[in-house]
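Dear colleague,

I am handing over the structure below, followed by notes on what was found in it. Please read the notes alongside the coordinates.

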Amino acid sequence: MFGKKLSSTLSVLGALAIGLGCTQAAFADDTSASTVTTTTTETTTRSSGVVAHGGRPRIGLALGGGGARGAAHIGVLKVFKEEGIPVDMIAGTSIGSIVGGLYLAGVPLEQLEDDFSNARLMKNFMTVPLTVRFLVAPVMVLPRLVGHRAYDGLYKGVKFRNFCNNLVPTGKRNIENLDKPFAAISLSLIDGEEHMLTKGDIGTALQASSAVPGLRKPVEIDNNLFVDGGVLANVPVEYTRKLGADFVIAVDIDERVNPVELKEFKKAGSVARRMLKLELNGLDRPMCKGADIVIHPDTDGISLVSRSKADGVRGIKAGEDAARKALPEIKAKLASLGVLSLNK
C-alpha cells in the first residue's frame, strides 16, 4: 500500500515539474520570436478556401503531445485507414511525433498498436519506473562531484532512440527519405524557439521532440539543444500548415476539464493534477482553433507517464471512438473540397 502511494505521489511531483516548466514558458516574453515561432493570421485561420496541389488539397495531421495518452493516435489512424481518409503529411509533438513519425516511416499500425497494448513503447520511453528514478536521483548526482558534467534530466533517452530506429525499415531512418512530409516539433534551449525537425536520423528527432524537461535529458543536434516541443506547441496545427497542409485535422489528447467536487482536493496530489490538466487545456485550446477539424479522444484518467497495458488498450479504443464520431464532419468537409465522395 505504501509503495502504491509513494509511486502515485512521485508521479504527481514529476508531472507538476513538467507542468510548471510549461507554465513558465507560456508566460515568458516572446518578443524575440522569429518567423519560425510567430503565429500569423494567415497560418492559423481555418482554411475555408484551400489551394489545390496535384489536383486536390493536401491533408495534414497535427498530432498532439500527451505521453501514454498517445495510444489514442493509433486509434485515429486505424479509422482513417479503414475509411480511406487520406493523410498527406504529419507534424507531431512529443508522443504525437513518435506515432506520426513511425507511421510515416512504414511501421505497420498493427505493430504500433501492439507496442502500446503491451506497454512496450512506454517501457522503452522510461526504461525504469519513474518512482525508481526519483529514488536514485541523489546517487546520479555523484559523478558531478568528480567533474563529470552531463545534461540535466533523469533519463538519457538513448535506449528509446534505438528502439524507434529498430522499428523503422533501414531505408527510412532518415526523415528526408520518407514518402510523405514529416516534422517533429521540438523546442531549442539555445535560442528559445520551436523548430521543425524535418531531416536527419528519425530516432534522434523523436527523442528530441519527446525530451520532457526535468524527466529526459535534452538532445544535442547540430550545436543546438532540444527538449519536448509540447512546452510551446503541444498541438502543432500551425506547423502542419507550414509543412504544406491545406486542410488540417488536429488530434488533441488532453484530459477533459470537467467540474469536480470540493472533497476531491483533499486527496494527496489532487491540486497538482488539476493544475496540470487546466494548464494543458489552456495552452492547447487556442492552437486547436486553427485546425479545420479537431478530434478529442476521451483520455481521462490515463497518466502522462503510464506504463499500464490497460491504459494502452483504452487509449487506442478512445481514439477509434473519437475518430468515428468525427467521420461525418470530416467526410462532408473533404467532399466539399473534392477530396472524397460522400458515397464512400
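Glu264 has a relative accessible area of 29% and is therefore partly exposed, a class that lies between buried (under 20% relative accessible area) and exposed (over 50%), with a 1.4 Å probe and protein chains only. Its partner is Lys267, with which Glu264 forms a salt bridge whose closest N and O atoms are 3.1 Å apart; the term stands for a side-chain nitrogen of Lys or Arg within 4 Å of a carboxyl oxygen of Asp or Glu. Lys267, at 47% relative accessibility, likewise counts as partly exposed.

Before going further, please note that this is a predicted model, in which local features need pLDDT of at least 70 and side-chain atom pairs count only at pLDDT 80 or more, while totals for chains, interfaces and linings use all residues. Residues are numbered from 1 along each chain as its sequence is written, and side-chain values use heavy atoms, with hydrogens and water left out.

A search of the whole structure finds 17 salt bridges. One of them joins the side chains of Asp88 and Arg56 at 2.7 Å, N to O. Asp88 lies in the loop between α3 (71-83) and β2 (89-93), and Arg56 in the loop between α2 (41-44) and β1 (59-63), so the pair ties together parts that are 32 residues apart in sequence; here helices (H or I, at least four residues) and strands (E, at least two) are DSSP runs, numbered from the N terminus. Asp88 counts as buried at 15% relative accessibility, whereas Arg56 is partly exposed at 24%. Asp114 and Arg120 also meet in a salt bridge, at 3.1 Å, N to O, and Glu82, Glu83, Arg324 and Lys331 are linked in a network of such bridges.

Turning to the aromatic residues, the structure holds 2 aromatic pairs, where rings of Phe, Tyr and Trp (its six-membered ring) pair if their centres lie within 6.5 Å, and planes under 30 degrees apart count as stacked, over 60 as edge-to-face and the rest as tilted. Phe125 and Phe160 form an edge-to-face pair, with 5.4 Å centre to centre and 85 degrees between the planes. Because Phe125 lies in helix α6 (residues 120-125) and Phe160 in helix α9 (residues 158-167), this pair ties together parts that are 35 residues apart in sequence. Phe125 is buried at 10% relative accessibility, as is Phe160 at 0%, and together with Phe163 they form one aromatic cluster.

As for the nonpolar interior, a core is taken as a set of buried Ala, Val, Leu, Ile, Met, Phe, Trp, Tyr and Cys residues joined through side-chain atoms within 4.5 Å. The largest has 68 residues, of which Phe80, Ile249, Ile295 and Ile330 touch the most other members. Leaving aside neighbours within four places in sequence, Ile330 is in contact (heavy atoms within 4.5 Å) with Phe80, Ile85, Ile249, Ile293 and Ile295. A second, separate core of 15 residues includes Ile185, Ala233, Leu243 and Ala245.

Ala208, in helix α10 (residues 202-209), is buried at 0% relative accessibility. Not counting residues up to four places away in sequence, Ala208 touches Ser186, Leu197, Val219, Ile221, Phe226, Val227 and Asp228. The C-alpha atoms of Ala208 and Leu187, which are 21 residues apart along the chain, are separated by 8.5 Å.

Kind regards
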